[in-house]
Amino acid sequence: PLSAFPGLEKFEGSYLHSRDYKSPQSFLGKRVVVVGAGNSGIDIAVELSHTAKQVFLSTKRGTWVMYRVAAGGDPFDFTHINRFVQLLRNLLPPNISSFILERKLNARFNHALYGLQPQHRVFDQHPTINDDLPNCIISGRVLVKPNVQEFTETSAIFEDGTREDIDAVVFATGYSFSFPFLEGCVKVVENQIPLYKFMFPPDLEKPTLAFIGLVQPLGAIMPVSELQCRWAT
C-alpha cells in the first residue's frame with residue numbers, strides 16, 4: 001500500500017508497481033530504487049543495472065538467493081528436487097536441513113557481507129532465484145539498502161539514516177489477488193484460496209471448476225500445471 005511509504009505523495013519522480021514494469025529503457029541514466037527483494041524485485045534490479053545510472057535494492061528483511069545453474073551445469077531444481085533429497089529432508093531435523101543448504105548458498109557468496117542475510121531460515125520462505133545479483137552487487141551497479149523510511153521530493157531516506165537522490169521507484173512489494181466474478185463460490189482469505197488439492201473449490205455441488213497453476217512449487221510450474229490439466233480433464 002502506498003500509505004506504507006511516508007512522503008511518497010510529494011515525491012517529484014516517477015513510481016510504479018512491478019506489475020506495470022515492461023522495459024528498462026525508460027530508466028536510462030536514472031537513479032532508481034527497487035523496493036522488495038523477491039524474485040520480481042531482484043530480476044528488475046539486475047535488468048535495470050545495465051541501463052540505469054545507479055540501482056538501489058531496498059529490502060526489509062533480506063532473502064536467501066538460490067541460483068539456477070548447479071554444479072556440473074545442470075539446473076539447480078533438477079539436481080536438488082528429487083526423491084532422495086526429499087527423503088533426507090524428512091529424516092533430518094528442519095534446522096539441520098536449513099543449515100546444510102544455507103552453508104551451500106553462503107559458499108557461493110556470503111549473504112551477510114552482501115547485505116542480504118535474512119532472519120528467517122532458508123526453508124521458511126519462498127526462495128529467491130537469481131544468478132546475476134552477486135555480480136551486480138560486487139561491481140557496485142546494485143547497492144543493497146534497508147527498508148525505505150520515507151521519501152522527500154527528490155530522495156529516499158532509508159532506515160539506517162542514509163539518503164540517496166533518486167529519479168524513480170519500482171515497488172516489487174507483492175500482489176493481492178481476487179476473483180470478484182466468482183463471488184459466492186470462491187473466497188479469498190488472507191490472499192489464499194482454500195482449494196482441494198490446490199485445484200477444486202470444495203463448496204461446489206459438482207466439481208465443474210478447476211484452478212490451473214495457482215500454486216508456488218519449489219520447481220518448475222509447467223509440469224505441475226500439465227498434471228493438473230490432465231486430472232481436471
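**Notebook: contacts, sheet, salt bridges and a surface patch**

I began with the contacts between residues at least 6 apart in sequence, and I noted that 59% of these contacts in the protein join residues at least 24 apart. I keep in mind throughout that this is a predicted model.

**Entry 1, overall figures.** I looked up the secondary structure and found that the protein comes to 6 helices and 10 strands. For the extent of the fold I took the C-alpha atoms, which fill a box of roughly 55 × 45 × 30 Å along the principal axes. Of the 233 residues in the protein, 37% are buried. The protein exposes about 14400 Å², and I noted that carbon and sulfur atoms supply 54% of that area.

**Entry 2, the sheet with β9.** I then turned to an open sheet of 3 strands, whose order I wrote down as β7-β8-β9, with antiparallel pairing. I recorded β7 (148–151) and β9 (163–165) as its edge strands, since each pairs on one side only. From one strand to the next the twist averages 25°. Looking at the pairing of β8 (residues 155–158) with β9, I found 3 bridges joining these antiparallel strands, and I noted R163 in β9 as the bridge partner of I157. As a reminder to myself, strands of a sheet pair through backbone hydrogen bonds, either parallel or antiparallel.

I searched the whole structure for salt bridges and the search gave 4. Which residue's side chain meets that of R31 in a salt bridge? I found that it is E164, at 3.1 Å from N to O. E164 lies in strand β9 and R31 in strand β2 (residues 31–35), so this pair ties together parts that are 133 residues apart in sequence. I also found a salt bridge between E164 and K145, with the closest N and O atoms 3.3 Å apart. Because K145 lies in strand β6 (residues 142–145) and E164 in β9, this second pair ties together parts that are 19 residues apart in sequence.

R31, at 24% relative accessibility, counts as partly exposed, because the partly exposed class begins where the buried class, under 20%, ends.

I next looked at R230 and E226, whose side chains meet in a salt bridge of 3.1 Å, N to O. Both residues lie in helix α6 (residues 221–232), where they are 4 residues apart, about one turn of the helix. I recorded R230 as exposed, with a relative accessible area of 57%, and E226 as partly exposed, with a relative accessible area of 40%.

I followed the chain past β9 to I166, whose place is in the loop between β9 and β10 (168–171). Is I166 buried or exposed? At 5% relative accessibility I166 counts as buried. Leaving aside residues up to four places away in sequence, I listed its contacts as F11, R31, V33, F56, F151, T154, S155 and A156. I then checked I166 against V85, which is 81 residues away along the chain, and found their C-alpha atoms separated by 45 Å.

Last, I looked up the nonpolar patch on the surface, which is formed by F84, L88, L92, I96, F99 and I100, with about 560 Å² of accessible area together. I noted α3 (83–91) and α4 (94–108) as the elements that give two or more residues to this patch. Which helix gives the most to the nonpolar patch? I found that α4 does, with 3 residues. I picked out F99, which lies in helix α4, and I recorded F99 as partly exposed at 46% relative accessibility.

Methods: Residues are numbered from 1 along each chain as its sequence is written. This is a predicted model: local features need pLDDT of at least 70, side-chain atom pairs count only at pLDDT 80 or more; totals for chains, interfaces and linings use all residues. Side-chain values use heavy atoms; hydrogens and water are left out. Patches are made of residues with over 30% relative accessible area and no salt bridge: like charges are joined within 9 Å, nonpolar side chains (Val, Leu, Ile, Met, Phe, Trp, Tyr) within 5 Å. Accessible areas come from the Shrake-Rupley method with a 1.4 Å probe; for residues, only the protein chains shown count as cover. Buried means under 20% relative accessible area, exposed over 50%, partly exposed in between (1.4 Å probe, protein chains only). Two strands pair if DSSP finds at least two bridges between them. Axes are lines fitted to C-alpha atoms, for helices over the stretch in contact, and angles run from 0 to 180 degrees between N-to-C directions. Contact means heavy atoms within 4.5 Å.
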